[in-house]
Amino acid sequence: MVIMWEVKNVNYNDVPGLCRKYRKQVLKVTQNRVAIETGYSPETVSAFECGRVNNAKLLYWYISNGLKLEVNERAQKTY
């Protein structure tokens, strides 16, 4: 069962912390479970949730498990 959690007006820098909060408070699962399901180590999951690494596969795990983020257009990075 997927539990939806929608967060609007998110800044890019806030995404990792919101993923951590969603995992702990809504899904009530451990970093170890995320690691097993994604094939990464718990250390990599921790680094993602702390914002030290970017990982599309990990972000996809949170989204596919119900996290919905709406990024603030003004906060988007320009390349």
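The legends below describe close-up views of a predicted model.

**View 1. The largest nonpolar core and the elements that supply it.** This core comprises 16 residues, and those with the most contacts inside it are C19, V34, V45, W61 and Y62. Two or more residues are given to the core by each of β1 (5–10), α1 (15–27), α2 (31–38), α3 (42–49) and α4 (56–64), with the largest share, five residues, coming from α1.

**View 2. The surroundings of V34.** When residues up to four places away in sequence are not counted, V34 touches R23, V29, V45, L58, W61 and Y62; of these contacts, V45, W61 and Y62 are also among the residues with the most contacts inside the largest nonpolar core.

**View 3. The aromatic cluster formed by F48, W61 and Y62.** The structure holds two aromatic pairs. In the stacked pair, the rings of F48 and Y62 lie 5.7 Å centre to centre, with 25° between the planes; because F48 belongs to helix α3 and Y62 to helix α4, this pair ties together parts that are 14 residues apart in sequence. W61 and Y62 form an edge-to-face pair, at 5.0 Å centre to centre and with 85° between the planes. F48 is buried at a relative accessible area of 5%, Y62 is buried at 0%, and W61 likewise counts as buried, its relative accessibility being 6%.

**View 4. K68 in strand β2.** K68 is found in strand β2, which spans residues 67–71, and counts as partly exposed because its relative accessibility is 44%. Although K68 and V7 are 61 residues apart along the chain, their C-alpha atoms are separated by 6.2 Å.

Technical notes: Residues numbered from 1 in each chain as written. Predicted model: local features only at pLDDT ≥ 70, side-chain atom pairs only at ≥ 80, totals over all residues. Heavy atoms only, no water. Core = buried A, V, L, I, M, F, W, Y, C linked by side-chain atoms within 4.5 Å. Buried < 20%, exposed > 50% of the residue type's maximum accessible area, 1.4 Å probe, protein only. Helix = DSSP H or I, 4+ residues; strand = E, 2+ residues; numbered from the N terminus. Contact = heavy atoms within 4.5 Å. Phe/Tyr/Trp six-rings, centres within 6.5 Å; stacked < 30°, edge-to-face > 60°.
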